[in-house]
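The sequence and the model come first, and the description follows.

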Amino acid sequence: MKKLPDGRWIDEAPWSDDANLSALERSDMDAPNWVLVWRKFKRHKLGLISGIFLLLSYLMLPVAGFIAPYTPNERSADYLYAPPQSINLWHEGEFVGPFVYPTTATADLVNYRWTYETDTSRPMPLLFFCEGERYNLFGFIPSDTHLFCAPEGATVFLWGSDRLGRDVFSRILYGAQLSLTVGLIGITVSFALGIFFGSVAGYFGGRTDWAINRVIEILRSLPELPLWLALSAAVPSNWGPVAVFFIISIILGILDWPGLARAVRSKFLSLREEEYVRAAEMMGAKPGRVIRRHLLPNFMSHLIASATLSIPAMILGETALSFLGLGLRAPAVSWGVMLNDAQNLASIEIYPWTAIPMLPIIFVVLAFNFLGDGLRASLDPYKT
Amino acid sequence: MMFLRYAIYRFITMLLTLWVVSILIFVIINLPPGDYLSNQIAELRATGQAEGVAKAEFLRTEYALDRPIWEQYLIWVGMAPGPQGWYGLIQGNFGWSFEFDRPVSEVVGDALWLTVLVNLAAVLFVYLVALPLGVIAAARSETWVDYTAAFVGYLGLATPNFLLALILFYYGNKYFDLPIGGLMSPEYEGEPMSWDKVKSILVHLIVPTFVIGTSGAAAMMQRLRANMLDELSKPYVETARAKGLGPAKLLAKYPLRMAFNPFVADIGNLLPAMVSGSVLVSVVLGLQTIGPSLLTALKSQDQFLAGFVLMFVALLTLIGTMISDLLLVLLDPRIRYGARGS
């Protein structure tokens, strides 16, 4: 807007021929659905950032072993409860490149704890693409190359080391492999059950609907955690970590589906009266086909958005179970298992870095929440 | 009269639900292979203690653990005569805890009331915090008040409960001199109620209430804010404002009442989450609620204790949900009585 000398206002923006066209004729509005959704989603900055963060986190999972300087159960017996070390670039005003200062541990026999002294006179440059412990890239390619590791005679504990002298940073990267996938497997189970029962109840109605509805009500009225506890207590203790991991994620999913089923059911109740459903039925489509081809695609995107919002609950659930010792157990590494070490006040006071795994949990949960909010807002066609 | 009929109907559905829940719970606690006594018998046999075996065998028949599972269930609930006659949950017998070698009612004892107390305090906290904050966040939407409230709320949602508990305990003790652990000072345990004891319990409740309530309060606040915003954009609010109604009355007279219904109805969703949270937090903080006994019972397959605790927790949520349904009907004249729409 610009004010002319005679007091009138004038819009400086060049005249666009598109402005008078209705929405359908404008080329920028007549785009495939996903382009429209993407355009709206892009404006949701917090959701976009969260989405990118989550994408990067999941992409990191298969190559966690490469990024981590240590393997999860590699012990440095001389460095128990070592505090976090920083990576420096400058030594006494001189540029040396990334390096660490070596530390030495002494036992403080008065307070019964380890104290660490940093020797700031000897900068020790980090090694890159160096050889370390063996691990499996993508889960099956054996390799021993790490992105960076500590020089001989020093350590690189970015976030400190734990009770057994294992690197917290590396363990967080490895822990992500289980903690982040628990939510995905759980949501798959819950999605399958929720859509199946919800659509059966909504489509057929009548007695089926009544029965399924009662089950949903009962399951929703029960406190989740005690049931999770009871179900995980039923997992035999002699099963391997992988089996326990799968069964835990399935348990998390089994108790999560009622919410989803309710949403699906209420949608189906209104959609099944539409003409196109009648038409499909008259042409002889079986209920299964009508549900899968004609009804579900209608609101699949909304279901995905709500699924995104229920992943955090599962991640927190796994953490809580492992923390209580009923979820994943010791040789397996997950964020909950790691937090098990930070269970008492003493470790939070003396070794606060053992509680660091809570940071990735908070970030991931927040990111899923924001991403879900953003998706939900941009998938809603009536919102601009 | 209509209300009374609805209340009775609601009560009966609650009892039926409880019955289904009891089956579910019994199945779940019997999922792990074996039971406490057969594990013990195997252990005693392995170490060659014959007299112990005889006692355990006796207990097995005494508590009907050698019968088929459906019969065990009926005896447990009290719908069939057991070895001691009709004596199950319905008749007020909560069973025997093998782990503690005492009746379950003695093991849980005071913990039941403390559990109710902790959860009640948390629910109160949620409402007391969420109500003013939600209204203010809506009235001053997109200002720093709104953003701060949303930020704190999101943080509360995302932080695992148990960690929040540990951290708050640590800092609460360091800076505000709040007591650590437990629900009362040790000297009051087992003492009769007195004013000092009540005070001690109240001080100990601060951190647990806060921890259990935060995530619920955050969710509740967001919902109230959304509802209020919907109401505030309606023409009647505009009219009221145009006629010069003061800001407080403008908010409280109609929009708040409209936005309030979902607030009450929500307790059905809120309560299960709160009870879950209180179990976890109790374990971490060592509160004398039934949370810790549930954990030990589950770990050692002490089935009657675990079953009773689960039943109690379920009962608590079911009663809470029922009360919220009844309140909703009282508050909102538009809701029709009867089975439909529930």
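## Core, contact and sheets

The largest nonpolar core holds 163 residues, and those with the most contacts inside it are A:Ala230, B:Ala165 and B:Val309. Such a core is a set of buried Ala, Val, Leu, Ile, Met, Phe, Trp, Tyr and Cys residues joined through C-beta atoms within 7 Å; a residue is buried if 20 or more other C-beta atoms lie within 10 Å of its own, exposed if 12 or fewer, and partly exposed in between, with C-beta atoms placed from the backbone. The model is a predicted one, in which local features need pLDDT of at least 70 and side-chain atom pairs count only at pLDDT 80 or more, while totals for chains, interfaces and linings use all residues. Residues are numbered from 1 along each chain as its sequence is written, and chains are lettered from A and ligands numbered from 1 in the order in which they are written.

Helix α4 (residues 168–204) of chain A gives the largest share of this core, 15 residues; helices (H or I, at least four residues) and strands (E, at least two) are DSSP runs, numbered from the N terminus. Leaving aside residues up to four places away in sequence, B:Val309 touches B:Val108, B:Ile290, B:Ser293, B:Leu294 and B:Ala297, where contact requires C-beta atoms, placed from the backbone, within 7 Å.

Where the two chains meet, 28 residues of chain A and 36 residues of chain B take part in the contact. On the side of chain A that touches chain B, α6 (224–233), α10 (287–324), α12 (345–350) and α13 (358–379) of chain A each give two or more residues, and α6(A) supplies the largest share, seven residues.

Helix α8 (residues 257–271) of chain A has 15 residues, which at 1.5 Å a residue should span 21 Å, and its end C-alpha atoms are 21 Å apart, so the two agree; the expected span is 1.5 Å times one less than the number of residues. Its buried residues, among them A:Trp257 and A:Phe268, pack against α4, α5 (206–220), α7 (241–254) and α10 of chain A.

An open sheet of three strands runs in the order β3-β4-β7 (chain A) with antiparallel pairing, and its edge strands are β3 (88–91) and β7 (124–125) of chain A, each pairing on one side only.

Methods
Two strands pair if DSSP finds at least two bridges between them.
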